[in-house]
Amino acid sequence: MFTLPKPKYEVTAKSFRNAHIYSIDGEKLPSVTKILQIIGGGKMNALMIWARREALKLAESELFKAIEDNRTLTYESVSEMLKACDRQPDKIKEASADLGTRVHEAIDAYILGKEPVLDEESTIGFTNFLNWLNMQGMELVSGDIPVASRRLGYGGRLDALGLKDGRLFVLDWKTSNALREEYPLQVAAYAYAFKEMYGLPVAGATVVRFDKTDPNIFEAKDIDMTHALGAWLSAIALYRNMNQTLWLE
């Protein structure tokens, strides 16, 4: 049975207001996801369009309901309605993040040989995970691991490690609606930090997306580690430079 060696240094990981904070020997490090916000680009535009649509959808629904119920609209009622519409995208994102957390926790429990805690929603994602795993011929040797690079100064959490034909693979679980362009950079960052911490080579990495509504749909893609790591190094260099003073005094 494969056992991870002792890491070269310890990583402290804490959660604060839905964000993860990593540190090595008391030195706080930016997370991989925070660094990748620097290249938000298309993702940010897509999120803005989605948020606007969700807010308008709720506004339309509430207005039509008021008309059907013959309710009189007042300044106060319209103001409250608009506040609810403004909050709607955040409510949906929080619910989606919570579902992702529950699926991740169920997978971690399974890897540890424990009974997963499942509800109707998380059962779908977990069933997708089992269907994917049964096709792989891969042994899952570890679940969630906090990792960090002392050399490059960042931290993150890889979702799982798989062993196949004596080679290690970094695995990342997603419950998003699509595989996004920044995911390969994210997972390459985890693989780089893992190799630095444990001194073990990583043969490859795979991102697996589990559908949230159909227990028979999953999507898995292998990462081009060379290009993904090059893109990650460019992203972290951009992040560092953007956090410097860019204007001459």
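Analyst: Glu62 is partly exposed, with a relative accessible area of 24%; the class follows because partly exposed lies between buried (under 20%) and exposed (over 50%), using a 1.4 Å probe and protein chains only. This is a predicted model, in which local features need pLDDT of at least 70 and side-chain atom pairs count only at pLDDT 80 or more, while totals for chains, interfaces and linings use all residues. Residues are numbered from 1 along each chain as its sequence is written, and side-chain values use heavy atoms, with hydrogens and water left out.

The side chain of Glu62 forms a salt bridge with that of Lys65, at 3.6 Å from N to O. A salt bridge here is a side-chain nitrogen of Lys or Arg within 4 Å of a carboxyl oxygen of Asp or Glu. Both residues belong to helix α2 and stand 3 residues apart, about one turn of the helix. Helices (H or I, at least four residues) and strands (E, at least two) are DSSP runs, numbered from the N terminus. Lys65 is likewise partly exposed, at 37% relative accessibility.

A second pair is that of Asp25 and Arg150, whose side chains meet in a salt bridge of 2.7 Å, N to O. This pair links distant parts of the chain, 125 residues apart: Asp25 sits in the loop between β2 (19–24) and β3 (27–29), and Arg150 in the loop between β5 (145–149) and β6 (154–158). The two partners fall into separate exposure classes, for Asp25 is exposed at 70% relative accessible area, whereas Arg150 is partly exposed at 45%.

In a further pair, Arg71 and Asp69 meet in a salt bridge at 3.8 Å, N to O. Salt bridges that share partners also join Arg102, Asp119 and Glu121 into one network. Returning to the pair, Arg71 is partly exposed, with a relative accessible area of 43%, and Asp69 is partly exposed at 46%.

For the chain, the count comes to 10 salt bridges. The chain carries 30 positive and 34 negative charges, and the mean positions of the two sets are 5 Å apart. In that count Lys and Arg are positive and Asp and Glu negative, while His and the chain ends are not counted; each charge is placed at NZ of Lys, CZ of Arg, CG of Asp or CD of Glu. As a setting for these pairs, the chain contains 6 helices and 10 strands, and buried residues make up 39% of its 249 residues.
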